[in-house]
Amino acid sequence: MTPKQTENLFALTTPLYYVNDVPHVGSAYTTMAADAVARFQRLQGKSVLLITGTDEHGQKIQRTAEALNRSPQEHCDQIVSSFESLWDKLDIQYDRFSRTTASRHADIVKEFFGRLWDKGDIYLSQQQGWYCVACEEFKEERELISEKYCPIHTNKPVEWRDEENYFFRLSKYQQQLEALYQERPEFLEPESRRNEILSFIGQGLQDFSISRLNLEWGFPVPVDPKQTIYVWFDALLGYVTALLDSDQEPTLENALSQWWPINLHLIGKDILRFHAISWPALLMSADLPLPGRIFGHGFLTKDGKKMGKSLGNTLDPVALVSQFGSDAVRYYFLKEIEFGQDGDFNLTRFVNTLNADLANDLGNLLNRTLKMVHKYFDGRVPEVNLAAMAEDHPLKSYGQTLGKTVAQGYENLAFSQICEAILNLVQAGNKYIDEQAPWSLYKQGKLDLVKSVLYSVLESVRLAAYLLSPITPNLSNRIYNQLGFSIDFNDKTTIETALPYETHAQWGVLPADQRLAEPQPVFLRLELPETLSS
Ligand code: MSP
């Protein structure tokens, strides 16, 4: 297969979400993170393909549709539109929406199955075990809680299965997987998840069934139409189907010709084994190169339990974004929860964080500085000699290294540290302006000093807005517009042409004499609501 053509492409995925219910904030979490990475990579000048989508087959979806008296397809179509509309509200700029019920996906799954079949990696055998329909996964007896619940879905008993199924020879790939993890430690992050997977592999891998009997909702097994392809086999391949251009014939060769291998799979920790063990093994069996990197983030919890559709303890992201806007939601989840760790949601903390960081520290700093520039310098960026500014100037010295730190942070998916580092500059800006008191310098007639103070604060706010733009694109737009740029961080073409990281992530970019807009609050203070309603 052709390796990826150029270094300049970056493909990444969110999981393909189950459509048993409308999206909750847990599903939005991965997608917000993926969108931030995609936006950062675009700023770096990469051509980006952000893939998201839905996983629509299997027993869980079939049962959900039956309970609602809908046909499965009708049900999927309805839920899919709620995902699309949420991604819109959250300003998610996805490039592909992969639906596993698409007919082109059927072709890809069939061809892929054929490869594994020809390799001799698929055989018929008896499957016995406890099945969690909510996970769509067999569970070991020792994993069960009170002998009948899987650890994640503590309200849905597992079901006993005893049927003939097709199996994939996972055990054959034990050594290759061990070698993969030895040779490429970056393949799976964070480290704690890698250790978990290494210890699982160390226990000895067992073949797993990739078909189901008595299940209508799915693709038929090509060699035996009485059997239906297991939902996870079909779902993982949704990533491959998504790589096809809309006018391309659905063949594996076409799908893999441009964007494969995918650079990054972002997933939650509950679906680690599928991505970190089954997926590479399936690809090895098909003789395909492996993805670049998998990152398993933690859970958003409520009272310590994973928020989820199956437990019914979710938070409605539509209500949240309708009430507070997409920047607020994106910023809160990416800043307040360390990516990789679990984190509890708390509405009071949500409101307090946003007011402190975005309304007060960042918004007010811009507002008061702009007012002074309007008053003292007719609303134009003051001219200063940047080279003459002392190297230990608190804003200049910090600002000059921040772009690099933040780029490293985005590469490492350390969103929380990124926000902290940017906020440090903003807080230093507040401290600096208070200490320098340009209003009294002005009264003393020290105009050059006033110019230098105001310029360095405005420039720091600009830099902060630029570096935050993958997380808070609308806020960054408002700041950039007030600083006199006519630029839109939501416009992919502008990003490519006018906002390259190597220039805008530097300190000292704001052009002298640029006309500034009238000061307007860029982030309105939030009120703590009594309840959330969509
Ligand atoms: N359909 C599979 C994925 C197939 S990928 C080829 C699936 N879907 S899911 O809708 O149940 O979950 C999708 C993602 O949302 C998973 O990464 C999961 O970890 C994430 N989350 C679901 N609930 C979550 C939280 N409460 N917190 C954080 N992420 C959570 O699994």
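Two residues are taken to be in contact when heavy atoms of each lie within 4.5 Å. The structure is a predicted model, in which local features need pLDDT of at least 70 and side-chain atom pairs count only at pLDDT 80 or more, while totals for chains, interfaces and linings use all residues. Residues are numbered from 1 along each chain as its sequence is written, and side-chain values use heavy atoms, with hydrogens and water left out.

The domain assignment, which is automatic or taken from a database, gives domain 1 (9-297) and domain 2 (343-504). Their centres, taken over C-alpha atoms, are 41 Å apart. In the interface, 17 residues of domain 1 are in contact with 20 residues of domain 2. The two domains bury about 1600 Å² between them (accessible area, 1.4 Å probe, lost on putting the two parts together and summed over both), and 61% of this lies on carbon and sulfur atoms. In domain 1, the most area is lost to domain 2 by Arg39, Phe40 and Leu43, which together account for 40% of what that side buries.

Between the domains there is 1 salt bridge (a side-chain nitrogen of Lys or Arg within 4 Å of a carboxyl oxygen of Asp or Glu). Aspartate 95 forms a salt bridge with lysine 492, and the closest N and O atoms of this pair are 2.8 Å apart. On the side of domain 1 that touches domain 2, at least two residues each come from α1 (25-43), β12 (264-268) and β13 (293-297), where helices (H or I, at least four residues) and strands (E, at least two) are DSSP runs numbered from the N terminus. The largest share of that side, 8 residues, is supplied by α1.
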